Amino acid sequence: MVRTLDSIETVGVVGAGTMGSGIAQVAAQAGYDVVMRDIKEAFVEDGFDTIEESLDRFVSKEKLSEAEAEATRDRIAGTTDLADLADCDVVVEAAVEDMEIKRDIFADLDEAVPEDVVLATNTSTLSITTIAAATDREERVVGLHFMNPVPVMKGVEVVVGEKTDGEVTEFAHALAEDLGKETWESDDKPGFVTNRILMPWLNEGIRAYDEGVASKEDVDKGMKLGTNVPMGPLELADHIGLDICLDASQTLHEELGDRYKPAYLLKRKVDAGDLGKKTGQGFYEY
Ligand code: CAA
């Protein structure tokens, strides 16, 4: 049994950091009551400050009225007690990227919230299947990977664990869409779609700078103007947080090894003369 989206009133968020506070904010902006939990009162307060700054930005850009911002604030309750999530209809965990901590949180959540409640994790690289195994509801655990800054970024990656039920996957897509996001789906493989591809790109940008290919400004400028991305690799790494990038890269390295050689399929396509748009056939047909 899985709760349907129309029966969801209260969203629990574990973690009030950059991601957790962003998830709490978008859920509240979408009209849900939110309970945002972190381990220390000061972390919860920091989360509220981040939300306040973001709402102020939306108001000053006239993307949100003062009244809507006020209503959003009023829908979010803060707590340091996981038991306060007992009445939540769905919980999204966005604590630190540490498997043991996440498994402990999921084991505690499994006790704290009713068994038909879906538990989602915002993990960016860790295995959903391993996190889910800390509970007795593995089929109701799913990845809901938001992008930073959550209030602005449109995309959410839905990650399907080994035991995730199909209905739970559908629920995850529907919930994210209800928060104003667009989704795509990834199997529970290291880094999923986004970080599996993004992390080598960031590392290569860092190496290009370190090995003297160009100044850091020109590495970023080259990728921004050359490939039309909003941020080059060095500024994006800074935006994400270098510690987070390192953690994610280490997980990928452990799981996937050397990913920096040209892809075999790339060489095979070129040998076959499938050079992309100009030949009418690359990875896509034109
Ligand atoms: N809350 C509310 N509004 C915000 C905001 C926030 N937290 N952050 C930015 N904005 C708004 C700004 O007010 C601005 O609004 P207007 O378009 O109305 O002017 C808009 O977003 C753009 O912001 P800025 O003009 O200040 O700055 P910018 O043009 O450099 O944009 C950015 C900022 C949206 C972050 C943009 O640079 C961007 O998209 N960068 C790439 C971000 C990205 O790739 N994120 C994914 C990282 S990977 C990840 O998250 C996954 C992981 O697991 C590591």
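**Figure 1. Where domain 1 meets domain 2.** Between domain 1 and domain 2 the count of salt bridges is zero. What does turn up in this predicted model is three residue pairs in polar contact between the two domains, both partners at pLDDT 80 or more. On the side of domain 1 that touches domain 2, the residues divide by class into four nonpolar, four polar and two charged. In total, 10 residues of domain 1 are in contact with eight residues of domain 2. About 630 Å² is buried between domain 1 and domain 2, and carbon and sulfur atoms give 52% of that area. To find your way around, domain 1 covers residues 5-187 and domain 2 covers residues 194-279, with their C-alpha centres 29 Å apart.

Figure 2. Thr10 sits in strand β1, which runs over residues 10-14. Is Thr10 buried or exposed? With a relative accessibility of 15%, Thr10 counts as buried. Setting aside neighbours within four places in sequence, the residues in contact with Thr10 are Asp33, Val35, Asp87, Cys88, Asp89 and Val90.

**Figure 3. Asp6, in the segment before β1.** Asp6 has a relative accessible area of 73%, so this residue is exposed. The side chain of Asp6 makes a polar contact with the side chain of Thr4, at 2.7 Å. Leu175 is 169 residues from Asp6 in sequence, yet their C-alpha atoms are 9.7 Å apart in space.

**Figure 4. Asp116 and Arg3 joined by a salt bridge.** The N to O distance between these two side chains is 3.0 Å. Asp116 belongs to the loop between α4 (99-112) and β5 (118-121), and Arg3 to the segment before β1, so the pair ties together parts 113 residues apart in sequence. Both Asp116 and Arg3 are buried.

**Figure 5. Arg137 paired with Asp110.** The closest N and O atoms of this salt bridge are 2.6 Å apart. Because Arg137 lies in the loop between α5 (128-132) and β6 (141-146) and Asp110 in helix α4, the bridge ties together parts 27 residues apart in sequence. Arg137 is buried, at 1% relative accessibility, and Asp110 is buried too, with a relative accessible area of 15%.

**Figure 6. Further salt bridges to explore.** Arg140 forms a salt bridge with Glu139, their closest N and O atoms lying 3.4 Å apart. Arg140 is buried, with a relative accessible area of 10%, whereas Glu139 is partly exposed at 29%. Elsewhere, Glu52, Asp56, Glu70 and Arg73 are linked in a salt-bridge network. The count of salt bridges comes to 14.

Note on methods
Residues are numbered from 1 along each chain as its sequence is written. This is a predicted model: local features need pLDDT of at least 70, side-chain atom pairs count only at pLDDT 80 or more; totals for chains, interfaces and linings use all residues. Side-chain values use heavy atoms; hydrogens and water are left out. Domain bounds come from an automatic or database domain assignment. Contact means heavy atoms within 4.5 Å. Buried area is the accessible area (1.4 Å probe) that two parts lose on being put together, summed over both. A salt bridge is a side-chain nitrogen of Lys or Arg within 4 Å of a carboxyl oxygen of Asp or Glu. A polar contact is a pair of N or O atoms within 3.5 Å; within protein, one must be able to donate a hydrogen and the other to accept it, and residues adjacent in sequence count only if both atoms are side-chain atoms. Ala, Val, Leu, Ile, Met, Phe, Trp, Tyr, Cys and Pro count as nonpolar, Asp, Glu, Lys and Arg as charged, and the others, Gly among them, as polar. Helices (H or I, at least four residues) and strands (E, at least two) are DSSP runs, numbered from the N terminus. Buried means under 20% relative accessible area, exposed over 50%, partly exposed in between (1.4 Å probe, protein chains only).
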